[in-house]
Amino acid sequence: MLPAFLLVAAAVLVFSYAFASVPLPEDLDLAPTVVYDVRGEEIGELQQQATREDISLADLPDHVTSAVLAAEDAGFYDHSGVSIPGIARAAYTNVVRGEIRQGGSTISQQYVKNLTGEAEDTMLRKVNEAALAVKLERQYSKDQILELYLNSIYFGRGAYGIQAASRAYFGVDAQDLSPEQAALLAGIMPAPSAWDPERDPERAEGRYRYVLDRLGEEGWADEEELARMRAAYPEAEPPRVVVSRRAPFFLAMVEQELASKVGAEQVHRGLTVRTTLDLRMQEAAERTYQEAFAELEIPEGESPPTGALVSLDPGSGGVRALVGGSDYGSDQYNLAIGGPAAQGRQPGSTFKPFGLAAWIELGYSPESIVDAPAQVTFTAEDLGASEDWEPQNYGGADYGRISLREATWRSANTPYARLAVDIGPDAILDIARRAGVDPRGNLSADPALVLGTGEVTPMELAESYNSFASGGTYHRSQSILEVTRDGQTLMRANTDGRRAFSEQVAYNVSDVLQGVLTDGTGTAARIDRPAAGKTGTTSNNADAWFAGYTPDLTTVVWMGNRDGNETMVGSPTGGGFPASLWGAYMTEALEGVDPTSFPDPPGELAMFGEPPDCEAGEQLVQSDGDDAASGMVCEEIEPPECDAGQELVLADPDDPNSAQVCEDPAPEPPECAGDEELVPSDPDDPDSELTCVAPEPEPEPEPEPEPEPEPEPEPEPEPEPEPEPEPEPEPDEGDGEDAASDNGGGSSQAEPGPETEGDAQSQGEANEGDEADGEDP
């Protein structure tokens with residue numbers, strides 16, 4: 001009783017002091033808010049999207065003022081600045097709950113709050129506001145106060161005042177607002193940035209119907225009007241986008257965070273905001289993202305996939321880089337945070353590390369030998385479910401008996417399914433939530449959860465992997481470090497984390513996940529420094545992920561379709577495009593940063609370590625055959641009982657630990673007679689049955705051919721006798737000259753001489769040569 005009395009007395013003193021000494025603030029002062037990165041480099045400004053323009057209360061339709069009063073302060077014209085019943089209700093609720101949950105603020109108090117710019121929700125501020133509201137009521141008329149309020153209240157979308165809001169939401173002047181449009185604007189006034197119809201249509205419509213109910217309760221609208229308004233929910237225009245040249249998705253996220261932490265009405269009032277973003281890393285993220293997606297070959301008529309990238313600091317959870325989609329100018333839906341409703345996607349095998357972490361936390365080792373067949377079946381009776389569960393490995397691969405470490409590297413599903421059934425899905429979901437997944441509690445404890453059948457956002461997955469990178473400490477992601485105005489600090493971030501799980505769990509998980517990049521499905525993400533990570537691909541290749549980290553930076557890459565879970569063009573997997581993009585970005589982002597090694601795990605690796613080496617005739621088995629988490633021991637192989645005449649042999653002669661099997665003895669080879677010899681019956685199969693074969697006789701040598709007789713020399717021809725010289729004719733008398741001339745001409749034409757014959761023979765040889773070369777003769 002005494003504490004309550006003292007609280008009331010203190011409130012009266014503060015009220016009296018404020019009323020007497022604190023002057024009313026001047027009218028609302030709007031100025032751009034400047035945003036800086038973690039190094040002090042300017043990112044951009046948050047400016048109004050619609051210019052404030054005052055409008056007279058007399059120019060507004062009655063249905064506009066009625067909607068605002070019904071939603072915010074129906075007794076406005078009846079009180080003197082403070083609603084005693086409202087304060088009483090709020091005080092009772094706040095005392096019972098031990099915190100400020102209700103304000104009971106009148107329109108006059110809200111106007112004072114907007115002018116003072118105080119965002120901290122304390123009892124002292126409430127009393128101070130009440131005193132100034134009473135002072136305001138004594139200096140201005142009710143109509144003047146309502147007009148000041150309507151021209152200064154923040155409606156979201158960078159719009160201050162009813163005139164700017166009318167244009168921002170409906171593209172009309174305030175005096176032309178319909179009753180339905182006025183009711184929608186009045187409904188979202190308490191939290192316009194969060195309840196914007198574009199951001200949260202369900203909440204916006206719910207607030208619209210709340211205003212209609214209040215209009216009916218106050219008698220300011222009859223049933224016929226209300227029925228018409230309920231059937232005519234107004235459609236707001238999409239927000240006008242002011243695109244920043246640098247980090248537009250991040251700046252939009254900063255604006256939302258400012259609205260929740262210092263008040264939406266303060267966002268555009270000359271704030272100085274220092275953020276967690278590293279512009280150098282941001283530029284690397286945007287460049288590598290655009291280059292990677294530009295290289296995708298998309299067939300004509302097919303829709304290209306999109307993606308998101310988010311990068312966090314392991315020591316604080318600060319957002320170092322963020323890409324929420326391909327083009328903020330055409331689509332402001334931030335895929336990195338799942339849009340306004342934080343809509344997640346199935347993470348596939350990137351969820352397996354939480355199963356591994358739960359396994360290690362229970363005291364088991366990643367070196368445990370597990371069965372990894374192509375498919376396993378769990379009956380509905382075993383699961384306590386309505387149907388059987390038959391998980392299988394990607395591509396139907398059968399890995400035999402391997403360690404859980406190797407099963408993680410290969411992203412085998414069947415051993416992780418067995419793990420989830422053996423240790424229980426509750427343990428896996430619990431450690432995933434502690435790490436940062438599922439802050440809204442939407443996931444259910446189902447064995448299939450370990451294979452990534454739930455839904456998470458890229459930001460949630462980055463937060464949870466950040467818990468591994470930080471050695472087991474969870475840091476909630478944040479974009480703002482400090483907010484000041486005129487040198488006064490309005491907000492400073494708390495970068496302290498909380499313990500999610502032990503260092504031993506975190507370090508052992510990191511030890512296993514490093515092998516994914518060096519020896520497993522994530523080799524495309526390999527970078528020139530120690531790194532750990534995991535690939536993830538969902539059914540039908542609808543989503544592909546790579547989540548990974550170094551001791552200095554955690555990054556998650558997701559790709560998929562903008563809407564729905566249809567198969568992506570080209571059916572990419574997490575070990576392909578996302579892993580390559582992750583590696584390219586991390587290489588640039590960490591350029592100039594000295595590589596840091598992961599620390600050694602503290603204490604023993606786990607309850608038991610490497611499996612023992614068995615001797616010949618022994619095999620590895622679970623110490624408890626019904627518990628996959630039990631240790632591995634060597635057990636002597638019981639030889640089978642063989643039939644008469646059979647003998648025990650190793651199934652694999654090269655493996656002394658292989659099982660023993662019964663084999664019939666090899667048949668005795670036949671006895672060969674004389675010079676016969678044993679040879680395989682199939683020359684191409686040396687292990688085929690032996691048979692006796694007589695050697696082939698050697699062939700007799702062929703007789704040498706007799707030499708041909710040398711030809712006898714031809715007799716030399718006898719020399720021809722020289723012809724006797726013809727007698728010279730006696731010259732004719734009187735005509736000797738003409739006779740000699742005729743004889744010479746006749747001899748030249750009748751018998752060609754030796755020179756002419758030789759020329760003809762040479763020409764004939766040349767033609768034969770041309771024909772032999774294939775040319776025309």
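**Stop one: a covered helix**

Start with α19, which is mostly covered, with 12 of its 12 residues buried; buried means under 20% relative accessible area, exposed over 50%, and partly exposed in between (1.4 Å probe, protein chains only). Helices (H or I, at least four residues) and strands (E, at least two) are DSSP runs, numbered from the N terminus. Before you go on: this is a predicted model, where local features need pLDDT of at least 70, side-chain atom pairs count only at pLDDT 80 or more, and totals for chains, interfaces and linings use all residues. Residues are numbered from 1 along each chain as its sequence is written, and side-chain values use heavy atoms, leaving out hydrogens and water.

Just after α19, click G471, which takes a positive phi of about 85 degrees.

**Stop two: the sheet**

Now show the open sheet of 5 strands, in the order β2-β1-β3-β9-β10 with mixed pairing. Which strands stand at the edges? They are β2 (42-46) and β10 (488-492), each with a single partner strand, so one side of each has no neighbour in the sheet. Zoom in on β9 (residues 480-485), which pairs with β10 in the antiparallel sense over 4 bridges; two strands pair if DSSP finds at least two bridges between them.

**Stop three: E137**

Finally, select E137, which lies in helix α5 (residues 123-139). Is E137 buried or exposed? Buried, with a relative accessible area of 14%. Leaving aside residues up to four places away in sequence, E137 touches several residues, including F76, H79 and K142, where contact means heavy atoms within 4.5 Å.
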